[in-house]
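Hi,

Here is the structure I promised to pass on to you.

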Amino acid sequence: MSKEDFIKLLENKGIVLNNKQIKQFESYYKILVDWNEKMNLTAITDEEGVYLKHFYDSVTIAFDFKFNNQSIVDVGAGAGFPSIPLKIIYPDLKITIVDSLTKRITFLNHLFKELALTDCKAISVRAEDYAKDNREKCDIVMARAVARLNILDELCLPLVKVGGYFLALKGLKADEELQEAKRGIDMLGGSVEEIIDFTLTNNDHRSNIIIKKVKSTPNKFPRMFAKIKKQPL
């Protein structure tokens, strides 16, 4: 996907980028490629690949979900996907990225500064530890390409306030993962509201899963990660 195709496809979905936002995406790409030579942030470094599989893929959730001034926790965002592309488009969002690798946090803090993004912070901490002081405080928790849904649900849903949302951006095995995770989602206070299946322009399958927090998460969750991984709900 060329930069021009990216701009046009977003415009077709009602998202019109201004010159500042276009330049922010251009800078994001250059910074990502530059830092990727020093640390492993992504295997995708060609411009068309980044615009399609990182930028556009991250923004697809906005075609079916309204973003407007919410607080977002992005779990395991790596190089900032999906929250930073969304922040560029919706600058009023308040973003917290939680990632266990400190080197990624260094990159993200540099990125925030270079793109002049405000109300953004990146914290080097595991999601289950972050939940100890931040449970049920967030409007939206997001995760993309981090872990299977029956593991992600326990890392993410305890952070979401009742009435808020857990947004899971998944790939080809989304249906299988959702079947595995249904029991856990219910136990953790979530309810699957919508599943949006689609393909990217290269025919890669995607599923964006919108889960609403309908009741409070029991205090015993989240468990330690080793327990979550060994015995998913």
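This is a predicted model: local features need pLDDT of at least 70, side-chain atom pairs count only at pLDDT 80 or more; totals for chains, interfaces and linings use all residues.

Helices α7 and α8 cross in a right-handed sense. Helix α7 covers residues 149-156 and helix α8 residues 174-187; the angle between them is about 35°, and their axes lie 8 Å apart. On the α7 side the contact is made by Leu149, Asn150 and Asp153, which meet Glu177, Leu178, Glu180, Ala181, Gly184 and Ile185 of α8. By type, the residues of this contact comprise four nonpolar, two polar and three charged.

Glycine 190 is buried, because its relative accessibility is 7%, under the 20% cut-off. Leaving aside residues up to four places away in sequence, glycine 190 touches Leu157, Ile185, Ile211, Lys212, Lys213 and Val214. Of these contacts, Leu157 is 33 residues away along the chain, with 7.1 Å between its C-alpha atom and that of glycine 190.

Then the aromatic rings. The whole structure holds 13 aromatic pairs. One of them joins phenylalanine 25 and phenylalanine 55, with the ring centres 5.1 Å apart and the planes at 55°, a tilted arrangement. Because phenylalanine 25 sits in helix α2 (residues 19-36) and phenylalanine 55 in helix α3 (residues 47-59), the pair ties together parts that are 30 residues apart in sequence. Phenylalanine 25 and phenylalanine 55 are both buried. They also belong to a cluster linked by ring pairs, together with Phe6, Tyr28, Tyr51 and Phe81.

Last, the cysteines. How many disulfides does a search of the whole structure find? The search finds zero. For cysteine 120, the closest cysteine sulfur is that of cysteine 138, and at 13 Å it is too far for a bond, since a disulfide needs the sulfur atoms within 2.5 Å. Cysteine 138 is in no disulfide either: its nearest cysteine sulfur, in cysteine 156, is 10 Å away. Cysteine 120 counts as buried at 18% relative accessibility, and cysteine 138 is buried as well, with a relative accessible area of 5%.

That is my tour; happy browsing!

Best wishes

Conventions: Residues are numbered from 1 along each chain as its sequence is written. Side-chain values use heavy atoms; hydrogens and water are left out. Axes are lines fitted to C-alpha atoms, for helices over the stretch in contact, and angles run from 0 to 180 degrees between N-to-C directions. Helices (H or I, at least four residues) and strands (E, at least two) are DSSP runs, numbered from the N terminus. A crossing is left-handed if the near helix is turned anticlockwise from the far one by less than a right angle, and right-handed if clockwise. Contact means heavy atoms within 4.5 Å. Ala, Val, Leu, Ile, Met, Phe, Trp, Tyr, Cys and Pro count as nonpolar, Asp, Glu, Lys and Arg as charged, and the others, Gly among them, as polar. Buried means under 20% relative accessible area, exposed over 50%, partly exposed in between (1.4 Å probe, protein chains only). Rings of Phe, Tyr and Trp (its six-membered ring) pair if their centres lie within 6.5 Å; planes under 30 degrees apart count as stacked, over 60 as edge-to-face and the rest as tilted.
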